[in-house]
Amino acid sequence: MLKSTYRIILICLSLFTSMGYAQVSTIQNIQGRNIQSLNGKWNYIIDPYENGYYDYRHQPFDQTKTGMGGFFDDREQKDKSELIEYSFNGSPQMNVPGDWNSQAEKLELYEGTVWLRKKFDAKPEKGKKYFIYFGAVNYEAHVYLNGKKLGVHKGGFTAFQFDVTNKLKIGENSVVVKVDNTRKPDEIPTTNTDWWNYGGITRDVYLAEFPDHFISDYKLQLVKGNNNLINFSLRLADATAGQEITLSIPELKLEKKYKTDGEGKIDDEFTWNNLSLWSPENPKLYDANIKSDKENINDKIGFRTIEAKGDSILLNNKSVFLRGISLHDENPLIAGRLRSKGDMRMMLQWAKDMNCNYVRLAHYPHNEDMIRLADEMGLMVWAEVPVYWTINWTNPATYANAKQQLTDLILRDKNRASVVIWSVGNETPLSDARLSFMSNLVETARSLDDTRLIAAALEVHREGNTMVLNDPLGEKIDLVSFNEYAGWYFGGVPSEITKFDFNIKYNKPVVISEFGGDALAGFHADENTRWSEEYQEALYKNQITMLSKIKSLRGITPWILTDFRSPRRQHPIYQNFWNRKGLISETGEKKKAYFVLKNFYNQMQEKYK
């Protein structure tokens, strides 16, 4: 059975590679390298028929003998007789990073292809390596430099890069990206979601310069279950032996020297006894430096341990209650994705104002800056991949895509102390194929990082007034986490939901990953009137009473911090394309349920001092 499973995984990866979607893992700490920003104004062309990609026989231009003919050629008319039916120079511009839905009215609901073009100057030097790096492009990106295809990436929330060392020109260069945010049944996520499908180059773009034999990856974290044993691992981009590397943390008077082995790697464990451990109460970050003869990389690293023992969650060997809230990567005040660190800090500060020590960043990898801010501000993080609802569980390419997104998330954020949980999915329906798919993702997460908890929002069902959690995936993960919407989607009015109790199969910490109900801010009525603030307030009060029956309850992340946009939510009065389950409205107004949750968290803080 085990051999069969691995054979399936190898076939999946082979198919994924053959389709052109495989990539080298993204470079660790890109912002700590020598980078040139390609952010700013990009010209764009809307292309619903994909005229810029396919010829009239529907054959891709970049697969013809000449490899030319598409919009990626970025041609301009030089002779008055030339026929060119597009022009980037004459096209409008949008901000990158940014989504197109919020930048042009006619693109608000658009799903399809948009071409984006940026011209930039470069001065490539011999003996240096160059990469074009994208923080995220939603969803499928075809990338071209000076008319030549660099490659394809799928996944709307993970970073990727392409080697352009031998493709850059001295002087002006043109990078063109074909972005397609069309929802498809075999993708991750699939066609059916409950968030806005923002298209575009939604995160930073860089031209990064590196020396030969550069450091592509490193990890500096505590070993699982040990508060003073540090693991330091490092990998060069190539298998160069004998490269001298110095690790230093000046504040700790720590300095260690190494040489890479025959595979260009370092792997060491050493004890350091005077660490100040990271926690929400003490979000201590150390300035760490990794240096070679040609590179000098700085990072801010926090050290902490997290583990589940019995029905407890231990942070630095101390029992903790996860006082959480769920968040989307969206600014409720200004349409679109979170645009800057200022936007992200605002959202995290709103969570802290409610006395949260923890956030669930749903339902996909959020911006790396968000995780670094959580490090700085002292918020533990649940980080998730968009294996959401009804995935095509039997398609090898779909699994390979999910595995790649999970791998990229873990490799990117493995040095962030705030990340305490990797989640492999949300509300996925039970089946043998789903269990195999998800179990393989769990194994992948553990193989990449055994120092954090592994979770998923599991399936729960009802038998009378009992909520039953016996999802077999619960055997393989560290937490019992599930979503339940008593008082909104079932169970009657809020006052009736305290009749429910729970039958949970597993002796593990319980973290309720979602509950809640909608309220239109400013609409007031009695507590049995749907959409009113009073209804949501009563729902939260009774949810807390109901959930407090669970002796092993160790955290909650209600749904959700702020109202957010969703095409699924169409009631013209109460929703109007907004999911109104937020505790804060799209104008920043705190609803009555906000104060119920804050009061509960004040009590939990006292209990878990």
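Is W195 buried or exposed? Keep that in mind as you go through these points.

1. First, a reminder: what you have here is a predicted model. Now for the opening question. W195 turns out to be buried, because its relative accessible area is 6% and buried means under 20%.

2. Next, look at the aromatic rings. The structure holds 38 aromatic pairs, and one of them joins W195 to Y388. The ring centres of W195 and Y388 sit 4.8 Å apart with the planes at 70 degrees, so this pair counts as edge-to-face; the cut-off for that label is over 60 degrees.

3. Where do these two partners sit along the chain? You'll find W195 in the loop between strand 10 (171–180) and strand 11 (200–201), while Y388 is in the loop between strand 25 (380–384) and helix 4 (396–413).

4. Another pair to click on is Y286 with F303. Their centres are 6.0 Å apart and the angle between the planes is 45 degrees, which makes this pair tilted. Y286 belongs to strand 18, and F303 lies in the loop between strand 19 and strand 20 (306–309), so this pair ties together parts 17 residues apart in sequence. Both Y286 and F303 are buried.

5. How many bridges join strand 15 to strand 18? There are 3 bridges between strand 15 (residues 244–249) and strand 18 (residues 286–291), and the two strands run antiparallel. If you want one spot to check by eye, T246 stands opposite K291 in strand 18.

6. F71, F72, Y86, F88, W115 and Y144 are linked into a cluster by ring pairs.

7. K178 lies over the face of Y53, at 4.9 Å from the ring centre. K590 lies over the face of Y594, at 5.4 Å from the ring centre.

Conventions:
Residues numbered from 1 in each chain as written. Predicted model: local features only at pLDDT ≥ 70, side-chain atom pairs only at ≥ 80, totals over all residues. Heavy atoms only, no water. Pairing = 2+ DSSP bridges. Helix = DSSP H or I, 4+ residues; strand = E, 2+ residues; numbered from the N terminus. Phe/Tyr/Trp six-rings, centres within 6.5 Å; stacked < 30°, edge-to-face > 60°. Buried < 20%, exposed > 50% of the residue type's maximum accessible area, 1.4 Å probe, protein only. Lys NZ or Arg CZ within 6 Å of the ring centre and 35° of its normal.
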